[in-house]
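Please keep the sequence and the structure in view while reading.

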Amino acid sequence: MADWTEMEYKRLLGYKAPLGYTAEQRNVFTADDDASVPDSIDWREKGAVTPVKNQGQCGSCWSFSATGSMEGAYQIKTGTLEQFSEQQLVDCSKENAGCNGGLMDLAFKFLENHQIDTEA
């Protein structure tokens, strides 16, 4: 790639959604209008946030967002903060494109039928 123009290189960048995947296929959450919720919550203070992680040169932000949300939800439910494996999703969630991008929605769909591993 050293002899490529900037435009040639940029063609490789960016997420390309799977054909036929529409916004309607995503799970949508709406809160009840009469729901009582606080103005803000700092989940770090409640121990529901793992340390900062580094995806390096891999375009796997989708797997980090999926595991981060599950780590927090798991801690809220069980009181134990676990670090889940982004690498498992990058390697095994075939509807996503590994280091070439993906959607956390598709990671969640994958995990409906597969158990998430910890980073350990």
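Which residues does Thr-50 touch, not counting residues up to four places away in sequence? In this predicted model, Thr-50 touches Glu-71, Leu-81, Glu-82 and Gln-83 once those residues up to four places away are set aside.

- Thr-50 lies in the loop that runs between helix H1 (6-10) and helix H2 (61-78).
- With a relative accessible area of 14%, Thr-50 counts as buried, because buried means under 20% relative accessible area.
- The side chain of Thr-50 also makes a polar contact, at 2.9 Å, with the side chain of Glu-71, which is one of the residues that Thr-50 touches.

**The disulfide**

- A disulfide is a covalent bond between the sulfur atoms of two cysteines.
- The count for this model comes to one disulfide, and it joins Cys-58 to Cys-99 with an S to S distance of 1.9 Å.
- The link of Cys-58 and Cys-99 is left-handed, with -100 degrees about the S-S bond.
- This pair connects distant parts of the chain, 41 residues apart, since Cys-58 sits in the loop between H1 and H2 while Cys-99 sits in the loop between helix H3 (86-92) and helix H4 (104-111).
- Cys-58 is buried at 14% relative accessibility, whereas Cys-99 is partly exposed at 40%.

**Other cysteines**

- The sulfur of Cys-61 is too far from the closest cysteine sulfur for a bond, because that sulfur, in Cys-58, is 9.1 Å away.
- Cys-92 counts as partly exposed, with a relative accessibility of 37%.

Methods. Residues numbered from 1 in each chain as written. Predicted model: local features only at pLDDT ≥ 70, side-chain atom pairs only at ≥ 80, totals over all residues. Heavy atoms only, no water. Helix = DSSP H or I, 4+ residues; strand = E, 2+ residues; numbered from the N terminus. Buried < 20%, exposed > 50% of the residue type's maximum accessible area, 1.4 Å probe, protein only. Polar contact = N/O pair within 3.5 Å; in protein donor to acceptor, adjacent residues only side chain to side chain. Contact = heavy atoms within 4.5 Å. Disulfide = S-S within 2.5 Å.
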